[in-house]
Amino acid sequence: MSFKDLKLNKPILRAIAEAGYDNPTLVQEKTIPSVLEKRDVITSAQTGTGKTAAFALPILQLLYDKQDAPKKGKKIRALIVSPTRELAIQIGKNFKTYAKHTNLRSSVVYGGTSIEPQKDILEKGIDILVATPGRLLDLHKQDLLNLDYIEVFVLDEADLMLDMGFIDDVKKIERLCPETKQTLLFSATMPYKVEQLASSILTNPIRIEVTPTSSAAQNVSQVLYYVPKKNKIELCLHLLRNTVKGSILIFRRTKFGVDKLEQTLTNNGYKIERLHGDRTQVERQNALADFKRGKVNILIATDVAARGIDIAELDAVINFDLPNVPETYVHRIGRTGRAGEFGNSYSFCSADEKPYVKTIQQLINVQIPVEDGHPYPLDPKAKPIVHKKQGSKYKKGRKGEGSKKKKKRWY
Ligand code: AMP
């Protein structure tokens, strides 16, 4: 299928061609026609599948088609709510790229930064607004934002919204929009609570599932290192010196953990950037930009800060701490091996994290190969589940993803 088959208008097709997209991805193929038919849609797709364009392109088309209608002034007609600032910024950039040859205007509002420039942009008038929930509600409370003309409401990364405790805010925002609107919900996983939310805000939705809810990135190798907690830093340094090369994203569960590891790696001569919720917006953007530009090759992040971030050519993911929510494992390793590239993932498991391995393996329905040929084994006498020589090429991982759990406050 080509983009032309999706019956998109010329200015949009031109922008897509300039972005270098040849054909629609599967999620785009499946979602775009339903959105153009003005149906409510619930799409379960992992990040990296092209899901932003799956909603952005048809929204632009719908709004563009109605541009000749009597002028209402610049009223916000499409609202995209996204859980994190980085994701919101990324979505905003995509809209600008795709709307380049239309006169549709879009902007992004998010917290952690001055409200004044955002006020000015809203005053000038825009067609499409991408927002994080807190800042959106702030602006609305201050009467700086009118949601009465919303025609399309998009809830992106709904499962992460739940995780971050935004669900009440999301419901509030939905109620601030007109009752008759088109609603699109995107979620990487579909836990019960997301289903519940969907049934309360969507009307007779089309359901689209692009990947099975439990599939880990197909082209990412996985390997597990059992290691005492106290030796994780040594193991990390050992791998960075000998095995893991290129651009590397290291995940830690806590902000404190990110900062601590950054210190140690910096002291060992590595150039590091950090992403976590305690850093200012400018710091987070700079960190990401430096990593994307290759100014530093190692980024250490908490899950929330890194979710959905599109980093081209990421070579490896290191799970310095194993996530306690198995779906998070799938998301983390899915940061590499994107857009057809092959990626590697390395996970450290200390004694207390063994139960997490069990739930992850249940979810992905695969035994993760264990590397026992390293200098810091957890139990030197223990028989490995699968023996692999260090530095060898591991075969692909598979299957993973499903439900999510409640609020965590340490990111
Ligand atoms: P997303 O899942 O929306 O974060 O998109 C992941 C990456 O795929 C982004 O870098 C997009 O620019 C890119 N992308 C989206 N759609 C296409 C397409 N049809 N062809 C090639 N790349 C695409």
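Student: Why is Asp143 called exposed?

Tutor: Exposed stands for over 50% relative accessible area, buried for under 20% and partly exposed for what lies in between, using a 1.4 Å probe and protein chains only. Asp143 has 68%, so it counts as exposed. It sits in the loop between helix 6 and strand 5 (152-155); helices (H or I, at least four residues) and strands (E, at least two) are DSSP runs, numbered from the N terminus. Keep in mind that this is a predicted model, where local features need pLDDT of at least 70, side-chain atom pairs count only at pLDDT 80 or more, and totals for chains, interfaces and linings use all residues. Residues are numbered from 1 along each chain as its sequence is written, and side-chain values use heavy atoms, with hydrogens and water left out.

Student: What is the phi of Asp143?

Tutor: Phi of Asp143 is near 60°, a positive value in a residue other than glycine. Lys7 also has a positive phi, about 60°, and is not a glycine. Lys7 is in the segment before helix 1 (10-18), and its 67% relative accessibility makes it exposed.

Student: What makes Ser82 buried rather than exposed?

Tutor: The relative accessible area of Ser82 is 0%, so it falls in the buried class. Ser82 is in the loop between strand 2 (78-81) and helix 4 (85-98).

Student: Which residues does Ser82 touch?

Tutor: Contact here is heavy atoms within 4.5 Å. Leaving aside residues up to four places away in sequence, Ser82 touches Leu87, Ala88, Ile91, Ala131, Thr132, Pro133, Asp156 and Met161.

Student: How do you know that a polar atom of the Ser82 side chain makes a polar contact with the backbone nitrogen of Ala88?

Tutor: Check the distance: the two atoms are 3.4 Å apart. A polar contact is a pair of N or O atoms within 3.5 Å; within protein, one must be able to donate a hydrogen and the other to accept it, and residues adjacent in sequence count only if both atoms are side-chain atoms.

Student: On to helix 6 and helix 8. Why are they called oblique to each other?

Tutor: Helix 6 (residues 133-141) and helix 8 (residues 167-176) pack at about 45°, with axes 10 Å apart. The axes are lines fitted to C-alpha atoms, for helices over the stretch in contact, and angles run from 0 to 180 degrees between N-to-C directions. Under 35 degrees is roughly parallel, over 145 roughly antiparallel, 65 to 115 roughly perpendicular and the rest oblique, so helix 6 and helix 8 are oblique.

Student: Which residues make that contact?

Tutor: Helix 6 brings Pro133, Leu136, Leu137 and His140, while helix 8 brings Asp169, Lys172, Ile173 and Leu176. They divide into five nonpolar, one polar and two charged, where Ala, Val, Leu, Ile, Met, Phe, Trp, Tyr, Cys and Pro are nonpolar, Asp, Glu, Lys and Arg charged, and the others, Gly among them, polar.

Student: And what does helix 1 pack against?

Tutor: Its buried residues pack against helix 3 (51-65) and helix 4. Those buried residues of helix 1 are Pro11, Ile12, Leu13, Ala15 and Ile16.

Student: How much of the chain is buried?

Tutor: Buried residues make up 57% of the 411 residues, in a chain with 15 helices and 15 strands.
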